[in-house]
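Subject: Structure handover

Hi,

Here is the structure I promised to pass on. Please open it next to this email and follow along.

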Amino acid sequence: MSRTIITTPAAPAAPASYSQAVKAAGLVFVSGTAPIDPSTGQVVRGPVQAQVAQCLRNISAILEAAGSSLEKAVSATLIVADEEDFAGANEEWLKWFPRNPPARQGAKMPVRIPEMKVSIAMIAEA
């Protein structure tokens, strides 16, 4: 099986320990993506809704670089820092996926990163 490493400057760079995404087996596996504005390199401040939107903009750019899109998303993992933010994250999520959303699981962040309220990983059809 061949695999292709996906990278785009339209989303925050991944650390050296993992790739923004990997395309393999007809799917695109997007790593956990932070709410970082790629033009500033800073975490977007504000409510969890703003951070979910930034994560999804970043994921959209990564999927586009792989020849895919959010419309082809099949699974996602939504990781929140605080359980209280889950309702707000869902509120924003539904704006991006109003019908036929991907399968999704939730988790709590194992490590606190200053100002970061959410991270999202996704799998989409290539």
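Strand 1 (residues 3-6) and strand 2 (residues 21-24) run antiparallel, joined by 4 bridges. Look for Thr 4: Lys 23 in strand 2 stands opposite. One note before you go on: this is a predicted model.

Now move along to strand 3 (residues 27-33). Strand 2 pairs with strand 3 over 4 bridges, in the antiparallel sense. Lys 23 turns up again here, opposite Val 28 in strand 3.

In what order do the 6 strands of the open sheet lie? The order is 1-2-3-8-6-7, and the pairing is mixed. Strand 1 and strand 7 are the edge strands, as each pairs on one side only. From one strand to the next, the twist averages 15°.

You have seen antiparallel pairs, such as strand 2 with strand 3. For a parallel pair, go to strand 6 and strand 7, which share 6 bridges.

Helix 1 touches strand 1, strand 2, strand 3 and strand 8. The direction of helix 1 makes about 30° with that of strand 8. Helix 2 touches strand 6, strand 7 and strand 8. Its direction makes about 150° with that of strand 6.

The helices also meet each other. Two packed helices are described by the angle between their axes and the distance between the axes. Here, helix 1 (residues 48-65) and helix 2 (residues 86-96) pack at about 40°, with their axes 8 Å apart. That angle makes helix 1 oblique to helix 2. The crossing of helix 1 past helix 2 is right-handed.

Which residues make this contact? Helix 1 brings Val 48, Gln 49, Val 52, Ala 53, Leu 56 and Arg 57. Helix 2 brings Gly 88, Ala 89, Glu 91, Glu 92, Trp 93 and Trp 96. By type, the residues of this contact are 7 nonpolar, 2 polar and 3 charged.

Last, the charges. Side chains of opposite charge can pair when their charged atoms come close. How many salt bridges does the structure hold? There are 3. One of them joins the side chains of Asp 82 and Arg 112, at 2.6 Å from N to O. Asp 82 sits in the loop between strand 6 (73-80) and helix 2, and Arg 112 in the loop between strand 7 (103-108) and strand 8 (118-125), so the pair ties together parts 30 residues apart in sequence.

Over to you.

Best wishes

Key:
Residues are numbered from 1 along each chain as its sequence is written. This is a predicted model: local features need pLDDT of at least 70, side-chain atom pairs count only at pLDDT 80 or more; totals for chains, interfaces and linings use all residues. Side-chain values use heavy atoms; hydrogens and water are left out. Two strands pair if DSSP finds at least two bridges between them. Helices (H or I, at least four residues) and strands (E, at least two) are DSSP runs, numbered from the N terminus. Axes are lines fitted to C-alpha atoms, for helices over the stretch in contact, and angles run from 0 to 180 degrees between N-to-C directions. Angles under 35 degrees count as roughly parallel, over 145 as roughly antiparallel, 65 to 115 as roughly perpendicular and the rest as oblique. A crossing is left-handed if the near helix is turned anticlockwise from the far one by less than a right angle, and right-handed if clockwise. Contact means heavy atoms within 4.5 Å. Ala, Val, Leu, Ile, Met, Phe, Trp, Tyr, Cys and Pro count as nonpolar, Asp, Glu, Lys and Arg as charged, and the others, Gly among them, as polar. A salt bridge is a side-chain nitrogen of Lys or Arg within 4 Å of a carboxyl oxygen of Asp or Glu.
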